[in-house]
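Reader: I am new to this structure and would like to know what stands behind the labels used for it. Please take them one at a time.

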Amino acid sequence: MSKKITSVVVFSKEEFAEDVVIGLEVHCQLTNLRTKLFCGCSSEYRGEQPNTHLCPICLGMPGSLPVANRKSVDDAMMVALALKSEIAERSLFFRKNYYYPDMPKNFQITQYDQAGGIPIASGGEVSIQVNHENKQIRIRRIQLEEDPAKLVHLGSIDTSPYTLVDYNRAGIALLEIITEPDLKSSKEARVFLQKLRSILEHLGVSDGKLEGAMRCDANISIKKGNRVEIKNISSFKEVEKALNFEIARQRAMNSRGLKVEMETRHWDDVKRVTISLRTKEAEHDYRYFPEPDLVPVEISKEKIAKISQIIPELPDARLDRFVKLYKIPSYDAGVLTSDKAMADFFEECIKLYPDAKTISNWMMTDLLRWLHEKDIEIKEAKVTPQHLVEMIKLIDDGTISGKIAKSVLPEILNTGKTPSEIVTEKGLLRIASRKDIELLADRVLIENPKAVQDAAVDEKAIHYLIGQLMKLTKGKADPQLANQIIKEKLKKQSKSN
Amino acid sequence: MKSSYNLSAKEIVTKISRGESSAEECLSSFFERIDEVESRVHAFITLDRDAALQRAKEIDGKVKRKERLGKLVGVPVAIKDNLCTRDVRTTCSSKMLENFLPPYNAHVVEQLLKEDAIILGKTNMDEFAMGSSTESSYFGTTKNPWNLAYVPGGSSGGSAAAVSARESSIALGSDTGGSVRCPASFCSTVGLKPTYGLVSRFGLIAYANSLEQIGPLARSVDDLALLFEVISGYDQRDSTSIRASTQNYSEFLREDVDGLKIGVPEEFFGEGVDERIVKIVWKGIDCLEKLGASYSEFSLSTVKYALPAYYLIATSEASSNLARYDGLRYGYSSEVGSDDWSTTFSNNRKKGFGAEVRRRILLGTFALSAGYYDQYYLKSLQVRTKIRLEFEKAFKKFDVLAGPTMPILPFKIGEKIDDLLALYMCDILTVLANLVGCPAISIPCGFVDSLPIGMQIMGPMLGESVLFRTAYTFEKCSKFTDYSPKL
Ligand SMILES: [Zn+2]
């Protein structure tokens with residue numbers, strides 16, 4: 001039934017509807033760890049042959065035992081401190097039992113907050129900025145767990161003739177961060193995830209840009225209706241799409257007088273729809289109980305104090321510093337610090353060129369727009385701080401015009417060539433010689449007699465003529481000079497008439 | 001001259017290291033004995049003759065070259081079939097793991113090899129260590145060497161029978177709720193359930209992780225202490241392994257129980273305990289008293305809650321441990337395929353597991369289910385804590401606690417197979433040590449109708465030394481460990 005409904009849903013851009021309630025369960029791989037959570041297998045499985053990063057432990061081979069990676073606890077503590085969560089003195093690992101091919105043992109070692117379970121940290125908050133307003137998103141708990149294997153399908157899960165299992169990912173250390181249902185829109189969800197990712201990147205514990213390193217499940221309800229859980233959202237770019245779809249689906253259900261069922265749905269990123277996985281009645285009973293092969297994680301006050309000392313500058317503090325030190329608007333600083341690579345890029349540029357405002361303007365406008373259009377991260381673009389600064393210096397010394405620079409930047413981003421190379425190759429040097437411009441101006445005036453005539457009475461005609469001159473020089477003419485010369489020549493002509 | 005198979009492990013070590021006998025000669029003697037009796041006892045699932053012979057030759061080379069020799073040089077050891085042995089199939093007596101070849105050795109096996117022991121093969125057991133009679137094995141029942149019509153106890157029945165029948169010098173078992181002590185008692189051998197965490201469980205195929213320990217079986221306390229010395233000690237691969245200082249347990253073998261305070265819980269002799277056993281075990285306690293110990297009776301009121309708590313915890317953990325045997329990743333895979341996971345898994349599990357294992361998985365699954373968790377699993381953990389506290393209190397007053405190991409005599413094969421409750425009740429005196437985590441030893445204490453009786457001595461956490469000393473003194477006085485079955 002749900003599938004029928006989905007086929008007629010029209011996507012609508014959802015903006016902060018008061019009746020939407022969203023909570024997220026974010027799974028972040030601790031990518032700074034060299035090994036998996038409970039064994040010595042290398043955690044760098046990306047790009048490797050399937051099922052090659054395995055050992056008896058992460059394969060759950062009979063007789064094998066897990067041993068917790070101590071560094072994962074340090075990572076979790078850093079995240080907890082960054083999110084202002086309370087770290088448990090003693091937390092427990094639990095088993096979550098379910099029969100599914102993604103866990104070799106048919107259970108996952110995780111943490112839990114019920115049935116006597118204690119997660120590594122509880123509470124906390126993340127502040128986000130949406131539409132220039134600050135908002136606190138509360139964190140419910142943070143827990144350590146092992147990543148399940150990756151299930152690979154041919155196209156959509158719905159139609160794939162098989163399921164392939166790659167256990168390389170099984171046992172990778174995950175931090176699950178669960179929010180309270182404080183999010184009001186898909187946009188807030190995206191902004192939250194972006195902020196969270198930036199925090200984790202500043203801590204150096206998780207590189208959220210790696211494929212599958214940051215995934216989430218979302219709980220969503222509308223108008224106090226039933227809560228629907230969406231699983232398998234593989235990146236924060238997808239989260240907005242998945243939530244928009246689901247909000248639209250639930251609205252369509254409501255408007256038709258159909259009841260939204262409490263269920264778990266799967267985000268199919270190929271078909272771009274959510275598909276019903278199971279209803280409430282068929283919900284798993286995970287039979288959580290304490291993992292008997294692991295001892296409790298004990299964390300002393302001294303240890304917490306030690307870890308707090310090595311917490312680096314976080315996005316919020318960095319934002320404040322940007323505003324104070326570089327005198328850029330708070331909004332701009334917020335955007336720049338929402339991505340560690342972006343903020344690092346900015347500061348690298350400033351080292352080479354101290355006019356922060358100019359750097360920030362270029363980044364906030366042309367650079368960001370281009371990245372958005374291409375849907376890539378700054379790390380993936382071929383631009384370096386040296387490139388941007390060199391380009392700005394070319395404008396400063398009059399080699400190119402600002403307008404030309406706007407066409408040079410995408411070229412740098414695409415090719416990785418230096419601005420000088422591009423300017424030379426494409427012949428984009430600015431025409432700053434008065435003589436050259438005068439010659440071209442004469443040609444413009446001759447070719448546009450009507451405009452010349454109108455110019456005497458219509459200011460617009462003058463601008464038209466200047467525009468024609470710029471066009472003729474492909475924008476390379478010094479605009480001020482062009483302006484001056486056209487006006488002078490018109491004056492001369494009108495006198496001579 | 002005594003055949004080598006009649007020698008104690010200690011004697012074998014001495015003879016081989018002095019060059020009075022070669023490891024190969026000694027091993028052949030054991031294989032002759034195996035050829036003579038194994039067809040009647042059926043203690044082994046897998047015998048690894050070629051590898052054993054190869055090792056014996058290597059050891060003889062070491063002796064010849066005057067290299068450093070291990071503590072168990074040339075001693076043949078039988079290994080329970082739930083302990084992983086590299087490239088030697090490890091079945092847990094289940095169809096599920098009929099062809100499982102582990103790519104690694106259990107920690108205890110590594111330790112044995114390091115000390116130059118020779119592994120004879122893998123012994124029979126109850127399927128996945130679930131049982132007290134070795135009757136639930138997929139590979140047939142092991143017979144009690146004292147009377148072949150009787151069960152050897154379980155679940156480490158094969159290991160106890162192999163030692164008792166002198167097919168092996170010493171053996172390893174595992175004890176989740178009495179699985180070393182029960183067959184030790186039924187086969188008149190010595191068996192120890194160590195303090196939880198003293199022996200690494202790495203490589204032990206789990207039944208109930210929070211309860212079980214790998215334990216030694218031997219014909220004398222001497223050999224038991226020697227084997228325990230080799231297998232115990234910290235191992236970083238087992239997170240529950242404790243960093244206790246390594247002990248030379250043989251040093252505690254003194255005939256001295258002077259001033260030893262024995263606590264005798266009246267519940268150990270209460271309802272359901274065979275009168276004949278009561279009489280014999282009291283005789284044993286009296287014997288210790290004559291040797292200088294004192295005893296007093298007292299009550300352990302929590303004992304009556306132990307059995308249900310034990311079964312709920314054990315089956316809960318088991319239901320999760322055994323989930324991996326679904327025929328997809330591990331275990332028997334039935335030919336009948338299905339497009340649906342659940343159907344495929346269920347099919348494989350239905351056919352791969354025996355009835356008792358399925359029963360315990362169901363019980364454990366039920367106990368952990370939403371709505372029952374609090375009243376079963378969680379309640380059991382609370383009971384466990386209460387029992388622990390009561391034992392802690394008791395060990396403030398007493399050095400050891402003593403009583404029968406088993407409430408009943410060895411029974412006939414097939415006799416109790418349909419009487420589950422009676423079978424479960426057998427564990428009533430042994431599960432306590434597993435719930436508490438404390439060490440307990442079973443030592444031969446006499447016979448009723450030519451069937452062996454064992455006395456259980458329990459000690460405080462890490463109290464193995466006092467157990468060894470008490471058992472050793474009793475053994476020297478009672479001499480029951482000198483008896484051997486006529487086969
Ligand atoms: Zn591994």
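Author: A charge is said to sit over a ring if NZ of Lys or CZ of Arg is within 6 Å of the ring centre and within 35 degrees of the ring normal. The model here is predicted.

Reader: What makes Lys406(A) a residue whose charged end sits over the ring of Trp362(A)?

Author: The charged end of Lys406(A) is 5.3 Å from the centre of the Trp362(A) ring, and the limit is within 6 Å. Chain B has a case too: Lys416(B) lies over the face of Phe411(B), with 5.6 Å to the ring centre.

Reader: Why is the pair of Phe289(A) and Tyr377(B) called edge-to-face?

Author: The search of the whole structure gives 35 aromatic pairs over all chains. For Phe289(A) and Tyr377(B), the ring centres are 5.7 Å apart and the planes stand at 70 degrees, so the pair is edge-to-face. The cut-offs are centres within 6.5 Å and, for this label, planes over 60 degrees apart.

Reader: Why is that pair, Phe289(A) and Tyr377(B), said to join two chains?

Author: Phe289(A) belongs to strand β16 of chain A and Tyr377(B) to helix α12 of chain B, so the pair joins two chains. Both Phe289(A) and Tyr377(B) are buried.

Reader: Why is the pair of Phe228(B) and Tyr249(B) called tilted?

Author: The planes of Phe228(B) and Tyr249(B) are at 55 degrees and the ring centres 4.8 Å apart, so the pair is tilted. Stacked would need planes under 30 degrees apart, and edge-to-face over 60. This pair links distant parts of the chain, with Phe228(B) in helix α7 and Tyr249(B) in the loop between α7 and β7, 21 residues apart.

Reader: How do you know that the site of the zinc ion is tetrahedral?

Author: The zinc ion is coordinated at 2.3 Å by the SG atoms of Cys39(A), Cys41(A), Cys55(A) and Cys58(A). The angles among these 4 donor atoms run from 101 to 115 degrees. Four donors count as tetrahedral if all angles lie between 85 and 135 degrees, so the site is tetrahedral.

Reader: What parts does the pair of Cys39(A) and Cys55(A) tie together?

Author: Cys39(A) and Cys55(A) each lie in the loop between β1 and α2 of chain A, so the pair ties together parts that are 16 residues apart in sequence.

Reader: Why does Cys39(A) count as buried?

Author: Buried means under 20% relative accessible area. Cys39(A) has 9% relative accessibility, so Cys39(A) counts as buried. Cys55(A), with a relative accessible area of 17%, is buried too.

Definitions and conventions
Residues numbered from 1 in each chain as written. Chains lettered and ligands numbered in written order. Predicted model: local features only at pLDDT ≥ 70, side-chain atom pairs only at ≥ 80, totals over all residues. Heavy atoms only, no water. Phe/Tyr/Trp six-rings, centres within 6.5 Å; stacked < 30°, edge-to-face > 60°. Helix = DSSP H or I, 4+ residues; strand = E, 2+ residues; numbered from the N terminus. Buried < 20%, exposed > 50% of the residue type's maximum accessible area, 1.4 Å probe, protein only. Donors = N, O, S within 2.8 Å, 3.2 Å for Na, K, Ca; no water. Tetrahedral: all angles 85-135°; square planar, octahedral: opposite > 155°, others 65-115°.
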